[in-house]
Amino acid sequence: AGPMAMEKNVAPVAPACTWTGFYVGINGGLGWQTSRFGDQNYAGVEGYYYNQQPSVTFDNVNGVVGGQMGFNYQWRDLVLGIEADADYSGNSINKTRLDDFNESDGKHENWGWYNVARIDFQGSVRGKLGLSLLDNKAMIYLTGGAAFVHGDWSMYAAYYTSDESAAYDMGWKGEDWRWGLIGGMGME
């Protein structure tokens with residue numbers, strides 16, 4: 001007994017490709033944030049005096065970076081999977097609105113609104129339904145599930161008169177989790 005001689009010019013057989021298994025990865029991209037600031041005190045008669053709108057909406061686009069992990073199971077050309085991702089978002093809206101109102105008695109009221117809204121964390125958990133193509137070297141898929149985002153906000157308003165006979169300021173702040181649905185399609 002001993003080593004058997006191999007035939008010349010015989011290449012080793014490559015393992016078959018499959019989509020089954022666990023995976024991890026990193027991701028990056030852009031996030032779009034829309035924040036609406038509303039002042040409920042402008043309802044009724046006060047709305048007549050102020051030329052500033054009681055509610056404003058700001059948009060911002062900024063980068064996101066994070067990671068994902070998931071598991072796929074392939075049966076023939078059908079691929080089923082689940083994936084979760086979590087991302088840090090540096091998306092922040094920081095706007096100042098100033099206005100000067102002329103009163104009938106000749107005084108001026110100077111108003112300032114300072115609005116800040118930030119998204120610091122976002123993610124999703126999704127299912128995946130795919131179709132393997134090209135001898136398991138490509139896959140097209142649909143994905144859908146739940147998405148979540150965390151952020152904080154603050155609004156500070158101040159006013160004073162030109163003769164400094166009246167002045168006040170007020171502020172609101174908070175944080176919130178928002179939940180929603182997510183869906184899409186892709187190719188790997």
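## A charge over a ring

In this predicted model, lysine 128 lies over the face of tyrosine 141, at 4.8 Å from the ring centre. A charge sits over a ring if NZ of Lys or CZ of Arg is within 6 Å of the ring centre and within 35 degrees of the ring normal.

## Basis of the description

The model is predicted, and local features need pLDDT of at least 70, side-chain atom pairs count only at pLDDT 80 or more, and totals for chains, interfaces and linings use all residues. Residues are numbered from 1 along each chain as its sequence is written, and side-chain values use heavy atoms, with hydrogens and water left out.

## Aromatic pairs

A pair of aromatic rings is described by the distance of the centres and the angle of the planes. Seven aromatic pairs are present in the structure. The rings of Phe, Tyr and Trp (its six-membered ring) pair if their centres lie within 6.5 Å; planes under 30 degrees apart count as stacked, over 60 as edge-to-face and the rest as tilted. The ring centres of phenylalanine 22 and phenylalanine 71 are 4.7 Å apart and the planes are at 50°, so this pair is tilted. It links distant parts of the chain, since phenylalanine 22 belongs to strand E1 (residues 21-38) and phenylalanine 71 to strand E2 (residues 55-75), 49 residues apart. Strands (E, at least two residues) and helices (H or I, at least four) are DSSP runs, numbered from the N terminus.

Phenylalanine 22 counts as exposed, at 73% relative accessibility, while phenylalanine 71 is partly exposed, at 29%. Buried means under 20% relative accessible area, exposed over 50%, and partly exposed in between (1.4 Å probe, protein chains only). Elsewhere, Phe121, Phe148, Trp177 and Trp179 form one aromatic cluster.

## Arginine 126 in strand E4

Arginine 126 is found in strand E4 and counts as buried, at 11% relative accessibility. Its side chain makes a polar contact of 2.5 Å with the side chain of aspartate 85, and another of 3.1 Å with that of threonine 143. A polar contact is a pair of N or O atoms within 3.5 Å; within protein, one must be able to donate a hydrogen and the other to accept it, and residues adjacent in sequence count only if both atoms are side-chain atoms.

## The loop between E4 and E5

Aspartate 135 is in the loop between strand E4 (108-133) and strand E5 (138-161), and asparagine 136 is also in the loop between E4 and E5. Phi is near 55° for aspartate 135 and near 65° for asparagine 136, a positive value in a residue other than glycine. Aspartate 135 counts as exposed, at 64% relative accessibility, whereas asparagine 136 counts as buried, at 19%.
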